[in-house]
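Dear colleague,

I am passing on the structure below, together with some notes on what was found in it. Please read the notes with the structure open beside them.

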Amino acid sequence: MKTITKLSAYTLEEKKSKFHAFLVPYEQFEDKLTELKKNHPKARHFVTAFRYLNEHKQIVEGSSDDGEPKGTSGKPTLKVLQGNDLINVAIITVRYFGGTLLGAGGLVRAYSDSANMAVANAEIIPYEENLEEIINVNYEQASRCEYLFKKYNIEVIDRNFLDGISYTIRGNKENLSKLRGEL
């Protein structure tokens, strides 16, 4: 599986209709959709598709045609995500109607092509599952731990100060292993 960490966009024009496709990390999906609806008040459709892993490591996916004829926009966009084996991502395609009907085949092609180009422009990376763990250190080790967290791109979720410091951290398996090796 693969994923992205930052937005990728592409604009396609087909018979004067404009299709603005935005590929975003899934955690930014709702905010980006709200922002696009605010910034594009004259757009006719906001077609979406998403894929993410839930807490049980199951793939959850969905799509919306947002008023386009059934099956001509959301599903083809979702198939682009599936075909590229992308996870924890969403695509939002903003369509401005150009006055010419494209027909079902034309819509499928336009939505698929704009999604494919947004994916082609993206910085795609291998998906790595992040794990959480708790480590306990004494106060003298705190500055070294903070340095190592940055060095190995480990996120500190929580800190508890008791007899020492209890860190709840999140990172990929490889970086957590490197961290343990240096502590």
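In what follows, Ala, Val, Leu, Ile, Met, Phe, Trp, Tyr, Cys and Pro are called nonpolar, Asp, Glu, Lys and Arg charged, and the others, Gly among them, polar. The model is predicted, so that local features need pLDDT of at least 70 and side-chain atom pairs count only at pLDDT 80 or more, while totals for chains, interfaces and linings use all residues. Residues are numbered from 1 along each chain as its sequence is written, and side-chain values use heavy atoms, with hydrogens and water left out.

The lining of the largest pocket divides into 9 nonpolar, 9 polar and 7 charged residues. A pocket here is an open set of points on a 1 Å grid over the protein atoms alone, where a 1.4 Å probe fits, with protein on both sides within 12 Å along at least five of seven lines, and lining residues have an atom within 4 Å of a point. Its volume, the space filled by probe spheres set on the points, is about 770 Å³. Of the 25 lining residues, N88, Y127, E128, N130 and R170 are the closest to the centre of the pocket. Strand β10 gives the largest share of the lining, 3 residues; strands are DSSP runs of E, at least two residues long, numbered from the N terminus.

β10 also belongs to an open antiparallel sheet of 3 strands, in the order β8-β10-β9, where pairing requires at least two DSSP bridges. The edge strands are β8 (130–137) and β9 (155–161). β9 and β10 (residues 165–172) pair over 6 bridges, and R159 has Y167 in β10 as its bridge partner.

Best regards

Terms used: Helices (H or I, at least four residues) and strands (E, at least two) are DSSP runs, numbered from the N terminus.
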